[in-house]
Amino acid sequence: MILIYLSSGLFLGWSLGANDASNIFGTAVGTRMVKFRTAAIVASIFVILGAVHSGSGAAHTLGQLGSINAMGGAFMVALAAGFTVFWMTRLKLPVSTSQAIVGAIVGWNFFAGMLTDYNSLLKIVFSWVISPILAGIFAVLIYLLLKRVLRLTPVSILRLDVYTRAGLIVVGAFGAYSLGANNIANVMGVFIPAAPFEAIQIAGINFSGTQQLFLLGSLAIAVGIFTYSHKVMQTVGNKVVKLNPQSALVVVLAEALVLFLFASADLHNWLISHNLPALPLVPVSSSQLVVGGVIGIGIVQGGKTIKYRIAGKIAAGWVITPIIAALIAFFALFFLKNVFEMKVSNPVSYRLSKPVVKRLRTHDIIIKEDDRNKKFKNAIKVKRFVNNSSYLSQTDLEEIVASARVDSFYFSSSRLKNFQNDHGELFSENELQRFNDLKGQRFSHEWQLRDQILEKVFQQKKAALKNEENNHKLELIKENFKVSHQTN
Amino acid sequence: MLLKKTKQLERKVNNFMDIINEAGPTLKLGVKAYFNDDQEKFTELLDRMIKLENRADDIKRNIEAELYERTLIPEARGDVLALLEALDDIVDRSKETMREFSIEIPQILEKYHQSYLNLTDLSANAIDQIVKAARNFFNNTMQARHYVSKVYYWEKEADRESGSLLRKIFRDDELKDLSEKFHHRAFVERIDRVADIAEDVADKLSIFSIKRSI
């Protein structure tokens, strides 16, 4: 059953492999610098590595945009995105999976009555705009550097050919890794909250449920690469963008770097810890990065100007694709729910309970006496209600919704024991001891659990949750002690 | 492994260039031997030129096969093969010129010998420079253009020399028959043609260099 639900995501993965692998190995294979078989094997291996090892960063951002909590909904969201990509490709419109999936998620949010996190949405759209520009800048810099190096240390045509081939494979591997890391979120991201995969250990290495999901998704990408990308690569290599192999190397390297910048949580944290500007971890479109890179090289070579028509088409894609995908997702979800009577979302309820009101007061948000203990069926209703009763800022509203959300966490002794067995190595001896104080406790709001863990287990102030490692631990705890969704 | 084979191929390209480079001096010595009436030396040089032509053909075919079999420099392969073909024409033309001397035995007045030798010198210079340009195209593409301009220089000089020589010939009262004058013209043009071929190669080379400069 689970595979049927995942099928739409696997289809998305397949089409990603079929189309986007050409953005990495297209010119190399199209110009016969690299054999297709070599390219396909390298691309598949590194896409899988990237997805499983570094895929979670961009997926996390998508999760913030909308957390799809029922497999039926996730299935339809991925299908709507896949259909949008397929349809727009047929109409020869520029389209990217990243843009389609974001639209489809927003469509689900509307349908399920969830609030869309506009901060995340803004972050994502900003990334789409900045990423091709960044790819162009990188391409120019790498191009100039390579030119300088070749001028200082001349290499014979034949040797340059050998080096370029090797470079195309190495850079291609890096590109494939980054593509897997950045784009797996498009393929499998929507399934994360609802997929019932348990963490497993193989050869002493822990594979989280998400990583297993990403492995499946990246295998689908690999199948796409082997079965269909050859044709696309021939087209890219020979018709659309004519590049010589050295320029292709530059473009692919620029593309891979940008994908990596938008995907790697490690790099993101490193940049932040060194007070450098870091980019949000967001799935971006590899096709648009290639266009950015090619335009960059065109400018630096002179003679060619920016083709505004292409740039305009890309910009239109930023707006049109998500809107179409959102509409398709919305109507498809409606259809699935009402005609097939399938569960496409698990309702999340909200309650302005006593502790919530108390907590909000610490944020200087006062809930009126009459409104206390009110229940709401979904976030949009909370928003409407709060808006009607008083004027509040967007941040306040978000705070209310986040605080009032009803969840259920239970620290049963059996769960505690399992958790300490499975993840004991992540925690210190003292921390493990302190877990026992939580035995038997229940929490009906996520923030209650967080406050308790911080205070009792980590013995930290609430504001101190900036530590990535502790954040990761907290996510694990939430995952392990969550009781299935409440439907009241 | 791949680099080893590439080095072998580089050696072959270098050998090919050496052969083309020999065509210039051989032609020079051949024309000189002809004017000196040194039959034996001339035949020996003609033989050498024929051997050069055969060897150049062999190596060229060999390089061609290797480039295709190992799908090397796929995007520049057509250009490289066109370049080798054009360079090969230089040896072919030089050999043909010497063969025509041996077949037609043109009667050239002694007063023109020096001009003929000068013209041959200029053509040989053009060959020398085009081979340098071609070597650089393979090894250091950016430098190739420098030598290409020298080829153009020598070709123009050869044109000037052949023009002035032909003007003298056609105004010469000693040469009564037009057929004699035409025979002269044929040989002046044949020697000048070698420099023209070098110029054609230079044209190709400058386009290829621009294409190759990333």
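B:Arg93 and B:Glu100 form a salt bridge, with the closest N and O atoms 3.3 Å apart. Here a salt bridge is a side-chain nitrogen of Lys or Arg within 4 Å of a carboxyl oxygen of Asp or Glu. B:Arg93 and B:Glu100 are both buried. Buried means under 20% relative accessible area, exposed over 50%, and partly exposed in between (1.4 Å probe, protein chains only).

The model is predicted, so local features need pLDDT of at least 70 and side-chain atom pairs count only at pLDDT 80 or more, whereas totals for chains, interfaces and linings use all residues. Residues are numbered from 1 along each chain as its sequence is written, chains are lettered from A and ligands numbered from 1 in the order in which they are written, and side-chain values use heavy atoms, leaving out hydrogens and water.

Side chains of opposite charge can pair when their charged atoms come close. Over all chains, the count comes to 26 salt bridges. One of them pairs B:Glu10 with A:Arg159, and its closest N and O atoms are 2.5 Å apart. This pair joins two chains, because B:Glu10 lies in helix H1 (residues 2–35) of chain B and A:Arg159 in helix H8 (residues 157–188) of chain A. Helices are DSSP runs (H or I, at least four residues), as are strands (E, at least two), and both are numbered from the N terminus. B:Glu10 is buried, at 13% relative accessibility. A:Arg159 is partly exposed, with a relative accessible area of 24%.

Within chain B, a salt bridge connects B:Lys60 and B:Glu85, with the closest N and O atoms 2.9 Å apart. The pair links distant parts of the chain, 25 residues apart. B:Lys60 belongs to helix H2 (residues 39–69), and B:Glu85 to helix H3 (residues 77–104). B:Lys60 counts as buried at 8% relative accessibility, while B:Glu85 is partly exposed at 35%. A network of salt bridges also links B:Glu53, B:Lys95, B:Glu96 and B:Arg99.

Surface patches were examined next. Patches are made of residues with over 30% relative accessible area and no salt bridge; like charges are joined within 9 Å, and nonpolar side chains (Val, Leu, Ile, Met, Phe, Trp, Tyr) within 5 Å. A patch of positive charge gathers A:Lys147, A:Arg148, A:Arg151 and B:Arg145 on the surface. Its largest share, 3 residues, comes from helix H7 (residues 118–152) of chain A. B:Arg145 sits in helix H5 (residues 141–170) of chain B. This residue is partly exposed, at 38% relative accessibility.

A nonpolar surface patch covers about 790 Å², and its residues include A:Phe110, A:Tyr118, A:Val319 and A:Phe331. Accessible areas come from the Shrake-Rupley method with a 1.4 Å probe. H13(A) gives the most to the nonpolar patch, with 6 residues. A:Tyr118 is placed in helix H7 of chain A and is partly exposed, at 43% relative accessibility.

Two loop residues of chain A complete the account. A:Asn244 is found in the loop between helix H9 (209–240) and helix H10 (245–261). A:Asn244 is buried, with a relative accessible area of 17%. A polar atom of its side chain lies 2.8 Å from the backbone nitrogen of A:Ser247. A:Met342 occupies the loop between helix H13 (308–338) and strand S3 (350–351). At 24% relative accessibility, A:Met342 is partly exposed. The C-alpha atoms of A:Met342 and A:Gly73 are separated by 8.7 Å, although the residues are 269 apart along the chain.

Methods:
Lys and Arg count as positive and Asp and Glu as negative; His and the chain ends are not counted. The place of a charge is taken as NZ of Lys, CZ of Arg, CG of Asp or CD of Glu. A polar contact is a pair of N or O atoms within 3.5 Å; within protein, one must be able to donate a hydrogen and the other to accept it, and residues adjacent in sequence count only if both atoms are side-chain atoms.
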